[in-house]
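Colleague: Could you take me through this model feature by feature, giving the general idea first and then the case at hand? I would like to know how to read each term before I use it.

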Amino acid sequence: GVNDILFNIVVTGSINLVFTLAALSFVDRLGRRPLMLAGCAGVALFHSLLGLSYHFGLKGLPVLFCTLATIACFAMTLGPVTWVLLSEIFPNRIRGAAVSVSVSALWIACFALTFTFPVLNAALGPAGTFWLYSGICVIGFLFVYRRVPETKGKTLEEIERDYAGGGLKVNQPRAAASISLRDMEVGEVRSEESEWPPAAPE
């Protein structure tokens, strides 16, 4: 009845909220790329398990667990981190337009997912539909692994400069840390070409 529907909304909403808040503490500690990879892999895994549950006629707890685990995994990884990446990866001169196009594409994809689910469910059955979603997540994992660099710890200007110079690489750790203001103030950073200390006057 209505009470059951409201209870389901409260449970799923609570899980979404709790794991989204948890993501706030991980996005800068673990980085965007690891969380995106973990999200794609996790959602692919739980969708595969959902497909198996429907394929073997399992109901109740297995389906509930896989559904809630998918929501939690998405809320902690792909959900919030996608918005972070969208705000970081575009150059300043086109950021407004590029983010607008990206967000529009994202919501169009969400609409397509919701609109086509009944069609896919009727054509492939619930098991086939969730296996299809799992395959899409695997493709997403491969795309993130090959094409999405890590932007953790970089300013927007550094990201733009690295993109323009081809220096923003995937599968590689960030180069040496930036020179700190304190190092510059105390004169601890010296160029290899300059002589230090200067020669005494004759």
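**Reading the model**

Modeller: The protein chain has seven helices and zero strands, where helices (H or I, at least four residues) and strands (E, at least two) are DSSP runs numbered from the N terminus. This is a predicted model, in which local features need pLDDT of at least 70 and side-chain atom pairs count only at pLDDT 80 or more, while totals for chains, interfaces and linings use all residues. Residues are numbered from 1 along each chain as its sequence is written, and side-chain values use heavy atoms, with hydrogens and water left out.

Colleague: How many of the residues count as buried, as a percentage of the protein chain?

Modeller: Buried means under 20% relative accessible area, exposed means over 50%, and partly exposed lies in between (1.4 Å probe, protein chains only). In this case 29% of the 202 residues of the protein chain count as buried. An example is Val81, which sits in helix α4 and is buried, with a relative accessible area of 1%. The C-alpha atoms of Val81 and Val27 are separated by 7.1 Å, although the two residues are 54 apart along the chain.

Colleague: Which salt bridges does Arg32 form?

Modeller: A salt bridge is a side-chain nitrogen of Lys or Arg within 4 Å of a carboxyl oxygen of Asp or Glu, and a search of the whole structure finds three of them. Arg32 pairs with Asp28, the closest N and O atoms being 2.8 Å apart, and Arg32 also forms a salt bridge with Glu88, where the closest N and O atoms are 2.6 Å apart.

Colleague: Where in the chain is the salt bridge of Glu160 and Arg93?

Modeller: Glu160 forms a salt bridge with Arg93, with the closest N and O atoms 3.5 Å apart. The pair links distant parts of the chain: Glu160 is in helix α6 (residues 156-165) and Arg93 in the loop between α4 and α5, 67 residues apart. Glu160 counts as partly exposed, at 23% relative accessibility, whereas Arg93 counts as exposed, at 69%. Salt bridges that share partners join Asp28, Arg32 and Glu88 into one network.

Colleague: What is the volume of the largest pocket, and which residues are closest to its centre?

Modeller: Rolling a probe the size of a water molecule over the atoms shows where empty space is left. On a 1 Å grid over the protein atoms alone, a pocket is an open set of points where a 1.4 Å probe fits, with protein on both sides within 12 Å along at least five of seven lines, and lining residues have an atom within 4 Å of a point. Grid points are joined across faces, edges and corners, and a volume is the space filled by probe spheres set on the points. Here the largest pocket has a volume of about 1,500 Å³. It is lined by 39 residues, and those closest to its centre are Phe74, Leu78, Thr82, Leu106 and Cys110. Two or more lining residues come from each of α2, α3, α4 (78-88) and α5 (95-147), and α5 gives the most, with 17 residues.

Colleague: How many residues of each class are in the lining of the largest pocket?

Modeller: Ala, Val, Leu, Ile, Met, Phe, Trp, Tyr, Cys and Pro count as nonpolar, Asp, Glu, Lys and Arg as charged, and the others, Gly among them, as polar. On that scheme the lining of the largest pocket has 30 nonpolar, eight polar and one charged residues.

Colleague: Which residues make the nonpolar surface patch?

Modeller: Patches are made of residues with over 30% relative accessible area and no salt bridge, with like charges joined within 9 Å and nonpolar side chains (Val, Leu, Ile, Met, Phe, Trp, Tyr) within 5 Å; accessible areas come from the Shrake-Rupley method with a 1.4 Å probe, and for residues only the protein chains shown count as cover. Leu45, Leu49, Leu52, Phe56, Leu58 and Trp131 make a nonpolar patch of about 560 Å², to which helix α2 (residues 32-55) gives the most, with three residues. Phe56 lies in the loop between α2 and α3 (61-76) and is exposed, with a relative accessible area of 60%, whereas Leu52, at 37%, counts as partly exposed.
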